[in-house]
Every structure is written in structure tokens, then in C-alpha cells.
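Colleague: I would like to learn how to read a sheet and its pockets. Please take me through an example.

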Amino acid sequence: IRLLCRENISAINAHTNLDCAPGGVNDRLAAALGLSEIEVIDPMGVDADGKEWGLLRKGTVAEQPLSDFLPTVKAALGCEGLRYVDSGKAVCKVAVGGGACASELMDAYRAGCDTFVTSDVKYNQFWDAKDLGMNLIDAGHFYTENPVVAVLAEKLQAAFPEIQVKISEKHHDCMKFY
């Protein structure tokens, strides 16, 4: 922070509120995965434009086997790998929660979703999903939040046309797969 101040560089950290906001992390994640009929699961309120906000989103895809949906997730998010549990059910109603939303598994289940795409899933949560008969996909923390970055850059550039807004060239996930 001191370095930023010395260099007259501003920093904004709007993390969890960006997850919940209309057009934020989870709306962008749902869009990146091609979901349609996107809704907020358990809305927490509405914004000034009357749009609902809350943490998780749900939507639909054409019914397909999980084995067909996994490559879609991997390609859409650009991740190197996925951890998942296959419940044996087809994918159709999908919940998304970017970042560390795995603890919201029961909310996704109660919302009638057959598949939940999130990250930071613990071992026992995979078993919980299997016991519930729900597909669970861990696409990685970075990759489930990254779809919103370009949107933020565009909004900042539009709001402050006199400054250059640039996504860091070093913007990447620190975790690697062997």
C-alpha cells in the first residue's frame, strides 16, 4: 500500500460485494458458461435499478451428460484442469458461485440444480454432492472469478476516459498442474 501511495496509484478492493452485484462475478461466470434463464438464488435485495442481487446464480443449458459439459467449462474458463464428482445425472440446471462458494452447496441443491460450478471444494463436500445426487465441479478460484476482469476494465475505462485502464500482463493463476 505504501508503494502504491508513493507512486500515486489507486487500488480498489471490492471483492464479496462484486460476487453478489448484478453484472458481477457470478453473472459473468454464468454468461461465460453459456447459461440461459439466469436467476439469483436466494436474493438478498434489489439495486437502484430493481435488479436482484445475491451470491449464487442459476441457469440452464441444453441437457447433456456431464462428460460433455466438462470440456465446455474448461474451455470457457481457460483452466488447466477440473476437479469434479459425477452424480450420474445429466447437466441441465446449473448453479454457479465464483471463488470460495463451495460452502453454498446446499443452497444450489435446494434451488433444484443438478450441477454446481464453483471452487475451493473440500474433500467431504465432493462426497456430500455425490450423496445428494448432484454434479459438483471445482474449476479453480482464479478461473471462476476471472470472467469479470475484462468487464471491470471496460467499466472503469468508460467512467474515467482520461486515464488508461489496463489488465496486468502478469494476471494469472499462481497454481499449476503437473
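**Reading the sheet and the pockets**

Modeller: Strand 1 and strand 4 (residues 57-64) pair in the antiparallel sense, over three bridges. Within that pairing, glutamate 39 stands opposite lysine 58 in strand 4. Keep in mind that this is a predicted model.

Colleague: What holds the strands of a sheet together, and in which senses, parallel or antiparallel, can they pair?

Modeller: Strands of a sheet pair through backbone hydrogen bonds, in either a parallel or an antiparallel sense. Here six strands make an open sheet with mixed pairing, in the order 1-4-6-7-8-5. Strand 1 (36-40) and strand 5 (83-85) are at the edges with a single partner strand each, so one side of each has no neighbour in the sheet. From one strand to the next, the twist averages 20°.

Colleague: How many bridges join strand 7 to strand 8?

Modeller: Four bridges join strand 7 to strand 8 (residues 135-138), and the two run parallel. Valine 117 has isoleucine 137 in strand 8 as its bridge partner. Between these strands the chain passes through helix 6 (residues 123-132), and this β-α-β crossover is right-handed.

Colleague: And how does strand 6 join strand 7?

Modeller: Strand 6 (residues 91-96) also runs parallel to strand 7, joined by three bridges. The chain goes from strand 6 through helix 5 (residues 105-110) to strand 7, in a right-handed β-α-β crossover. Opposite valine 94 is threonine 115 in strand 7.

Colleague: Where do the side chains of a strand go?

Modeller: In a regular strand they alternate between the two faces of the sheet. In strand 7 (residues 115-118), Thr115 and Val117 lie on one side, Phe116 and Thr118 on the other, and all are buried, so that both faces are covered.

Colleague: How is empty space found?

Modeller: A probe the size of a water molecule is rolled over the atoms, which shows where empty space is left. In this model the largest pocket has a volume of about 1,000 Å³. Its lining has 31 residues, and those nearest its centre are Ile12, Val149, Leu152, Ala153 and Leu156. Helix 8 gives the largest share of that lining, seven residues. By class, the lining has 18 nonpolar, nine polar and four charged residues.

Colleague: What is the volume of the second largest pocket, and what lines it?

Modeller: The second largest pocket has a volume of about 180 Å³. Of its 13 lining residues, Arg83, Asp138, Gly140, Met175 and Phe177 are the closest to its centre. This lining has five nonpolar, two polar and six charged residues.

Key: Residues are numbered from 1 along each chain as its sequence is written. This is a predicted model: local features need pLDDT of at least 70, side-chain atom pairs count only at pLDDT 80 or more; totals for chains, interfaces and linings use all residues. Side-chain values use heavy atoms; hydrogens and water are left out. Buried means under 20% relative accessible area, exposed over 50%, partly exposed in between (1.4 Å probe, protein chains only). Two strands pair if DSSP finds at least two bridges between them. A crossover is right-handed if, with the strands pointing away from the viewer, the path from the first strand over the helix to the second runs clockwise. On a 1 Å grid over the protein atoms alone, a cavity is a set of points where a 1.4 Å probe fits but cannot get out, and a pocket is an open set with protein on both sides within 12 Å along at least five of seven lines; lining residues have an atom within 4 Å of a point. Grid points are joined across faces, edges and corners, and a volume is the space filled by probe spheres set on the points. Ala, Val, Leu, Ile, Met, Phe, Trp, Tyr, Cys and Pro count as nonpolar, Asp, Glu, Lys and Arg as charged, and the others, Gly among them, as polar. Axes are lines fitted to C-alpha atoms, for helices over the stretch in contact, and angles run from 0 to 180 degrees between N-to-C directions.
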